[in-house]
Amino acid sequence: MVERRRSPDPLRLEVFHHLFAAVSEEMGAALMRSAFSPNIRERRDFSCALFDERGRTVSQAAHIPVHLGSLPLCVAAALEEVEMGPGDAVVLNDPFRGGTHLPDITLVSPIFLPGRRSADFYCANRAHHADVGGAHPGSMAPAADVHAEGLRIPPLRLVRAGRADRALLELLLANMRVPREREGDLLAQVSANRLGARRLAELAREHGVVELRRRAGELMDWTERLGRALIARLPRGRFEFSDRLEVAPGRSARLHAVLRIRSGLLEVDLRGCDDQVEGGVSAPRAVALSAVLYALRLFLPPGTPANDGVLRCVRLATRPGSLVDARYPAAVAAGNVETSQRLVDVLLGALAGAAPDRVPAASSGTMSNLTLGSARSGGEAYSYYETIAGGAGASPHGPGAHAVHTHMTNTRNTPIEELENALPVRVLACSVRRGSGGAGLHAGGDGVTKRLRFLEPAHVAWIADRSERGPWGLAGGGAGAGGSARLSRAGSARSLALPSKIALEVAAGDELELCTPGGGGWGRAKGGSRARPASRSGPGRSGPAR
């Protein structure tokens, strides 16, 4: 007689869902409280997750989507290239080995549960460092190739049997502009992984190793069933959408997605995207995979565990050497932040054909990245990075939110007090950019206006998008206003319009005004009006390029 396999107890499965997720969340709390830089400590630009012995995602904290969706490829590279023992930790940031862009440094650690000779789980965290070398402070400026963007780190053992490799650490720090801050952030990452390993060992002592491994597998299967059931409810067919990404003034590149929905499977074909380009907007395949997984997760029921089960529901096709599958030596700094955002818009534009009652209009479509750096009086260097919020797209269910970080970023704003305390700048304005959201039955959310005055000379880089075409609306809704950047030199009454991707030097007294895009509107406004007037600094509005 064949014994039938019993279905997992749903209550116990839910308990383990939260136990695993709590470990990832506590790792993040430890990293945030231990970090030195404002970007990690205040803006929370980091992510933490747990993986099984095969490198499959078991749980993740509610952190940064572009980090979390690409982490499995980074963990796979670490497992393939480094044999890890108890107390080890592998560091890497190589965008051509599962990384995203160079400032995102990942740390992977094995978890040997009590009495075990091989790793049962792995924990990993990824944090955005405010500088990793390269031609420009902040490592986030337009560049011709990846070498100009900073130090590229293949999978290397940073910690061996619980002790940091000081020689390797010194080598890394010697190539970064603010070594003391970078060392503090790296060691905070080491501490976060140690905490994750300790918490999982405690769960193993309470529930047993076999139970932990079985429940991890059951959680992935549960998520897979939910994902396939969702896709099965969507209409079968072929759906496609295109849009254009700003590369340089007067130059753009095409993003094109073809979605095929079959029984329980979402096939995403991105091979129609343009070839990789110079300037930093090309993205490695890991970033494209992150965008696809994020777009699918938006449709899953609330509370669905975030794990490898989502990946099993997707088939992704990319073309090596393209904008979304960049090959060495492509510059990729903006691919992680800008191309990922715009790719989500394209995927949602295609999904709107399958589920028009669930898809919002385009959000701001950019992370609006600002980096500052220089040597302060006395020779002490500083480097700072932040993303600036924008408007969320409206949906069939209501208006878009104002001044929020949307889609692939899930960070916070740096408090003005912290910014002014850490840097030689003054914040003259930081406000909602009223009227920048697209008009419609439901209006798009408004973007942000931020104005800074520099107290000392500095090097500035600005990487954004949607300055030439505002975020598109849906169902007759108007497009949101595009973003802009303007520089006023000290003593001059005139201001200079800046392109959406630029690196420049500023002097003491110069002022920089940044305006982020509003979200697209949804539905035709009553009375037949499609759009309200664009706010100051906003370019003309247009719909999506199909």
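**View 1. Helix α8 gives the largest share of the lining of the largest pocket, five residues.** This is a predicted model, in which local features need pLDDT of at least 70, side-chain atom pairs count only at pLDDT 80 or more, and totals for chains, interfaces and linings use all residues. Residues are numbered from 1 along each chain as its sequence is written, and side-chain values use heavy atoms, without hydrogens and water. Helices (H or I, at least four residues) and strands (E, at least two) are DSSP runs numbered from the N terminus.

**View 2. The largest pocket has a volume of about 610 Å³.** Among its 33 lining residues, Gln60, Ala61, Leu68, Arg297 and Ala306 are closest to the centre. A pocket is an open set of points on a 1 Å grid over the protein atoms alone, where a 1.4 Å probe fits, with protein on both sides within 12 Å along at least five of seven lines; lining residues have an atom within 4 Å of a point. Volume is the space filled by probe spheres set on the points, which are joined across faces, edges and corners.

**View 3. Helix α10 covers residues 333-351.** At 1.5 Å a residue, its 19 residues should span 27 Å, and the end C-alpha atoms are 27 Å apart, which agrees. The expected span is 1.5 Å times one less than the number of residues. Because 19 of the 19 residues of α10 are buried, the helix is largely enclosed by the rest of the structure. Buried means under 20% relative accessible area (1.4 Å probe, protein chains only).

Methods
Buried means under 20% relative accessible area, exposed over 50%, partly exposed in between (1.4 Å probe, protein chains only).
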